[in-house]
Amino acid sequence: MLGLFKSTTIPALEQSLTFSERRHELLAGNIANLDTPGYRSRDLDESEFQNALAESIQDARRTRPTDSIGAVTRDDIYAGPRAASEQVVFHDGSDVSLEGQITEVAKNQHLHGLAITTMRSQFSLLRAAITERA
């Protein structure tokens, strides 16, 4: 049964949800520290995550379905947040821009919503296959 889920996009969607959740926590922390002098914003690298996820999916495709259990989980991409390196450093030494953080939260929310919608669709297809209904 576990192999059935591993052969779908569900593990990749699960990793996308985990990434967006962790990224949202960092972005919320950045907004919470908006007025903290010397605070440097933190973020997770989206391109690094996308590359690691694509690599994990390719690795899972190369192995047999029974060997791919856990192949998509790449916890090393969550090793820790990086400094966001904003362009503007304010007079108090912080680099948190409310507009920039809100933009990143909106992008992250879009990624999360897309993953949830796709996962919901996958589960509907599985339910239809199990119950033999269209």
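Modeller: Helix α2 passes helix α3 in a right-handed crossing; a crossing is right-handed if the near helix is turned clockwise from the far one by less than a right angle, and left-handed if anticlockwise. The model is predicted, so to speak of local features a pLDDT of at least 70 is needed, side-chain atom pairs count only at pLDDT 80 or more, and totals for chains, interfaces and linings use all residues. Residues are numbered from 1 along each chain as its sequence is written, and side-chain values use heavy atoms, with hydrogens and water left out.Two packed helices are described by the angle between their axes and the distance between the axes. Helix α3 covers residues 46-62, and α2 packs with α3 at an angle of about 160 degrees, the axes being 11 Å apart. Axes here are lines fitted to C-alpha atoms, for helices over the stretch in contact, and angles run from 0 to 180 degrees between N-to-C directions. The angle makes α2 roughly antiparallel to α3 (angles over 145 degrees count as roughly antiparallel, under 35 as roughly parallel, 65 to 115 as roughly perpendicular and the rest as oblique).

On the α2 side, Ala-12, Gln-15, Ser-16, Phe-19 and Arg-23 meet Glu-46, Phe-49, Leu-53 and Ile-57 of α3, where contact means heavy atoms within 4.5 Å. The residues of this contact divide into 5 nonpolar, 2 polar and 2 charged. In that count Ala, Val, Leu, Ile, Met, Phe, Trp, Tyr, Cys and Pro are nonpolar, Asp, Glu, Lys and Arg are charged, and the others, Gly among them, are polar.

Gln-50 is placed in helix α3. The C-alpha atoms of Gln-50 and Ser-16 are 8.8 Å apart, although 34 residues separate the two in sequence. Gln-50 has 38% relative accessibility and counts as partly exposed (buried is under 20% relative accessible area, exposed over 50%, partly exposed in between, with a 1.4 Å probe and protein chains only).

Helix α2 (residues 10-32) also packs with helix α4 (residues 98-131): their axes come within 9 Å and cross at roughly 155 degrees. That angle makes α2 roughly antiparallel to α4. The crossing of α2 past α4 is left-handed. Residues of the contact of α2 with α4 divide into 15 nonpolar, 9 polar and 3 charged.

Glu-21 belongs to helix α2. Glu-21 is partly exposed, at a relative accessible area of 47%.

As for the chain around these helices, its secondary structure comes to 4 helices and 2 strands, in the order α-α-β-α-β-α from the N terminus on. Helices (H or I, at least four residues) and strands (E, at least two) are DSSP runs, numbered from the N terminus. Of the 134 residues in the chain, 31% are buried.
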